[in-house]
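Subject: A structure for you to look at

Hello! Here is the structure I promised to pass on, with some notes below it on what turned up. Please have a look at the model first and then read on.

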Amino acid sequence: MLNGISIRRCTRDELGIVMSINEKTLPENYPQFFYESIIERFPESFLVAEDLQTNQIVGYVMFRIERNLESGLKFIKKGHLVSIAVLKEYQGRKIGENMLIEGMKQVKNYGIDFYVLEVRLSNTIAISLYKKLKFIIEKTIPEYYRDGEDAYYMTLKVSNFEPDGI
Ligand SMILES: CC(C)(COP(=O)(O)OP(=O)(O)OC[C@H]1O[C@@H](n2cnc3c(N)ncnc32)[C@H](O)[C@@H]1OP(=O)(O)O)[C@@H](O)C(=O)NCCC(=O)NCCS
């Protein structure tokens, strides 16, 4: 446990709280059915952080699994970080890092080859977190976001994920 914070699976009842944290912290928001489909299909890696003193949910992380046909006829299975956020007043306390590491451990159980994510070029805090976990910038995706901002597409081979070395 992390200083009175518990990181555990999200329940369906908590999706409304997760949506409100997303809306407070990120410009990328999703309809309720999107969260429902992620929790239905990939429940093991949909996690929340709970403040055990107040029982408040203060952060979440969610992944989905994708299969892509790469060069040749080989399918690559990817654990795609869909979204991660921590309430502002709880940021900087290692909650994001611990949630992400735990989520990555869980999503590995789906038999993936790579972790992948997109992040705004201006989001230096998140980029720093991903680099700390050994993600590399594979490419820039121009105008990925609705407002026209570019994204970095960052990846990490599962075999290079070393949670104990962080
Ligand atoms: C990104 C986010 C999830 C990080 O969570 P957090 O709990 O605040 O971060 P942590 O305390 O776990 O910090 C882990 C690492 O993140 C980076 N980081 C965190 N705060 C930082 C800051 N103020 N400045 C620079 N880097 C920072 C550092 O690499 C840090 O490791 P270090 O402490 O060893 O330097 C959080 O800032 C957040 O919710 N941001 C808004 C939503 C968002 O941008 N999500 C990502 C979308 S791609």
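The side chains of D147 and R120 meet in a salt bridge, with N and O 2.9 Å apart. (A salt bridge here is a side-chain nitrogen of Lys or Arg within 4 Å of a carboxyl oxygen of Asp or Glu.) D147 sits in the loop between β6 (136-141) and β7 (151-157) and R120 in strand β5, 27 residues apart. Helices (H or I, at least four residues) and strands (E, at least two) are DSSP runs, numbered from the N terminus.

This is a predicted model: local features need pLDDT of at least 70 and side-chain atom pairs 80 or more, while totals for chains, interfaces and linings use all residues. Residues are numbered from 1 along each chain as its sequence is written, and side-chain values use heavy atoms, leaving out hydrogens and water.

Is R120 buried or exposed? R120 is buried, at 11% relative accessible area, whereas D147 is exposed at 55%. (Buried means under 20%, exposed over 50%, and partly exposed in between, with a 1.4 Å probe and protein chains only.)

R120 also forms a salt bridge with E28, the closest N and O atoms being 2.6 Å apart. E28 lies in the loop between α1 and α2 and R120 in β5 (residues 114-120), so this pair ties together parts 92 residues apart in sequence. E28 is partly exposed, at 21%. E28, R120, D147 and E149 are linked in a network of salt bridges.

The structure holds ten salt bridges. Happy exploring!
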